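Let us walk through one protein model, step by step. Keep the sequence and the 3D view side by side as you read.

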Amino acid sequence: MKRLRALLVAICAGTMLFTMVDAKAARPSLILTAEGVEAIRQSRQTRQTYSLFEASLEDAKTRVERSIAEGVLVPTPVDPGGGYTHERHKENYKVIHDAGILFQLLGDKRYLRHATDLLLAYAEIYEDLPLHPAQKRQSPGKLFWQNLNESVWLVHVVQGFDAIADALSDKDRATIEDHLLRPVADFLSLQNPETFQKIHNHGTWAAAGVGMTGYALHDPSLVERALLGLTGDGTSGFLAQLDQLFSPDGYYTEGPYYQRYALMPFVLFAQAIDHNEPDRKIFEHRDGVLLKAIDATIQQSYAGKFFPINDAIKEKGLDTQELVYAVAAAFTRTGRNDLLSIADYQGKTVLTGDGLAVARAVSEGAGQSFAFRTMMLRDGPDGDQGSLAILRMGDGPMAQTIVAKNTSQGMGHGHFDKLSYILYDNGREILTDYGAARFLNVPSKDGGRYLLENQSWAKQTIAHNTLVVNESSQFGGDWKRAQKYWPTVRYFEAGERLNVVSASLENAYPDTVIERTVVQLDHLAFAAPLLIDVMSASSQEKTTFDLPFYFDGQIVDFSGALQANTESRKPLGQAHGYQHLWVEATGQPTDGPLRFSWLNARRFYTLHAVAPEKTKPVFVRTGANDPDFNLRDQQGLILRSNGRKAVRFLSVIEPHGIYNPAAEFTAGSDSQIARIDHVFEAGADLIKIEMKTGEIIRLAISNDPDSEKTHRILSAGHEWAWRGFVTVLEEE
């Protein structure tokens, strides 16, 4: 059946491609179109200019004018990421792109000449270039140390060529087509089949570059190669990537950082398809999954920055160029005015008809606040491989947000951190995720590559806010084995005062089942919502369980005595990330609740933990076994329970108070909670939170979503009964 479907797809695609090539759409016809050029020219001629568009136009002019002044610089490739030749070739593809567009919009032939000269300079050398001398072990490029960068180069360069192609002499056009664009497209596909056939962001960039080149050259074979893969059966290529890398909700399997990165080739090639073959209705493919993916990318952010799960550089946010293109494409195809607030935040747009429409709408005040909301983004092509739960309480992008990572592995860029979470509040990251160990494009840091510490620390389970068994990482740190399994999402609920997500995980450790329920509770007794977390595990053998909480801020209080290591420190362990943690201080094993407070910017936070008997608190900090100072500073509290077959940790995180050092004002620095009691009985939890005012909050968690089933717990001589998975109990 699959082979028959693939054959039909190929036949249909071939027919459509023949029509496309016959039509030979007026250039430019990729992202900037002839219609877009006319609209932009008319707008400027009538002095209807808009700040977002003009700002982007000036940025492009500045880049190209600087390059014109410098002359044509096409150095022999030598350096890895961050080095001179790498950055020069990277800058050149932006210049070719911008110069071509500026020629179309402004008609200045200096831009035409400069783009032409750069393209001809590359055409003169490209075919004879060997593989890059600083090449990666896998998928090396010629201009760049990895062919991923070559794909990005082609995606940009072919747009610049498309904008000037009709103004070129026949000789120059043929030289650029035959000695540059076709050879690059063949290098990325025919000569690198493993990468080109891969269902992965590297494969997506390659497919986009080859396919857009096909449209620019009116070559159906290149377009078909990009859409359906080298074999033409649809098991790889752009359509397969679109089907397999996104869930039905638009979640990208590698996580938001790479969703942002992969979004650009998906959006750009989809626009090229739409402009050249509108009958394909590519933006309607899989119930509009690409438009859903754009929305999901924005949803996976807080205070303008993407959630740093999996391999992620934490500084990346909504103002990245990839999302600038995506917002413009989505706005013109959906008319969603809340996207305009994202464009306004970005402060720029793209130099296309879509960009003009965005800039005009923002200028006219049509924008609305983007609707950040509580949601569960399912993972996997069919939506059955776990999920990313985003729990929000409050209004706008600064609302308290909990990100519960119950997703699949996310391939090679995934981390071993299933059932972990991040807490954001008051505009800041409170319980943190390390992200990736990488200094992108910093030559002294291993050429900008992922550092060895990315494997030895950042990916390991202990580097995250989730349970670790016997000082080892989930699935033994083997991502290919981890790729076969994912959490089971047992329950999800979004409400005005109560958000809940619950998931379980098997197979991560031998004969061990882990469950976690996270509740976000908005109660009038508190100035901000509470995070209530029940983490449990059961094993066949006596086990060491470690539950870390990585926090950002300054420790201000701890309920027990601590033995601080002020003169010497030792690593916490030997492997699986433990070797990178200095033991800062240890506490005595406790049989009662534990309380720990810290200050983050202008708000205090208290972690209340009801842990198994003889749980030992350990304060840790990154930096051990790090001779090259590659690790960023991160501090945490680990709750360690030894020699048990089963554990159940209850944690309540309470935001409170205010700290204003400028005004020398502090209020509410002490927790409002006097005591927390926890009863677990017959598969259900009863949590009693007693305030210092005497007010009591009781939360019942049944672990059974059946709303008709009655659950009962006897506590302090009183029987409590309720229905549903999670309920706030009222006094009778």
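Rings of Phe, Tyr and Trp (its six-membered ring) pair if their centres lie within 6.5 Å; planes under 30 degrees apart count as stacked, over 60 as edge-to-face and the rest as tilted. Ring pairs of this kind join Tyr215, Phe238, Phe246, Tyr252, Phe266 and Phe269 into a cluster.

Before going further, note the ground rules. This is a predicted model, in which local features need pLDDT of at least 70 and side-chain atom pairs count only at pLDDT 80 or more, while totals for chains, interfaces and linings use all residues. Residues are numbered from 1 along each chain as its sequence is written, and side-chain values use heavy atoms, with hydrogens and water left out.

How confident is the predictor? The score is pLDDT, the predictor's confidence in each residue, from 0 to 100. The protein averages a pLDDT of 94, and 96% of the residues score at least 70. Residues 1-23 stay under 50. For that stretch the model has 26 contacts beyond four places in sequence, where contact means heavy atoms within 4.5 Å.

Back to the rings. How many aromatic pairs does a search of the whole structure find? The search finds 23. Buried means under 20% relative accessible area, exposed means over 50%, and partly exposed lies in between (1.4 Å probe, protein chains only).

Now look at Tyr434 and Trp457. Their ring centres lie 6.1 Å apart with the planes at 90°, so this pair is edge-to-face. Tyr434 sits in the loop between strand E7 (428-431) and helix H17 (452-458), and Trp457 is in helix H17, so the pair ties together parts that are 23 residues apart in sequence. Helices (H or I, at least four residues) and strands (E, at least two) are DSSP runs, numbered from the N terminus. Tyr434 is buried, at 2% relative accessible area. Trp457 is buried too, at 0%.

Rings can also meet charges. A charge sits over a ring if NZ of Lys or CZ of Arg is within 6 Å of the ring centre and within 35 degrees of the ring normal. The charged end of Arg260 sits over the ring of Tyr257, 4.4 Å from its centre. Lys445 places its charged end over the ring of Phe439, 5.3 Å from the centre.

H13 covers residues 285-299, which is 15 residues. The expected span of a helix is 1.5 Å times one less than its number of residues. For H13 that gives 21 Å, and the end C-alpha atoms are 21 Å apart, which agrees. Where is the kink in H13 centred? It is centred on Lys292, and the kink is about 40°. The bend at a residue is the angle between axes fitted to the seven residues ending there and the seven starting there. Buried residues in H13 include Gly288, Leu290, Ala293 and Thr297.

Pro28 lies in the loop between helix H1 (2-23) and H2. The peptide bond from Arg27 to Pro28 is cis, with omega near -10°. Ser43 belongs to helix H2 (residues 34-45). Is Ser43 buried or exposed? Ser43 is buried, with a relative accessible area of 4%. Not counting residues up to four places away in sequence, Ser43 touches Gln48, Thr49, Tyr50 and Leu356.

Arg47 is exposed, at 76% relative accessibility. Its phi is near 60°, a positive value in a residue other than glycine. Asn703 is not a glycine either, and has a positive phi of about 65°. Asn703 is found in the loop between strand E24 (696-701) and strand E25 (710-715).

Finish with Gln368. This residue is in the loop between helix H16 (353-363) and strand E3 (375-378). Gln368 is partly exposed, at 48% relative accessible area. Leaving aside neighbours within four places in sequence, Gln368 is in contact with Asn337, Asp338 and Ser341. The C-alpha atoms of Gln368 and Ile342 are separated by 9.4 Å, although the two are 26 residues apart along the chain.
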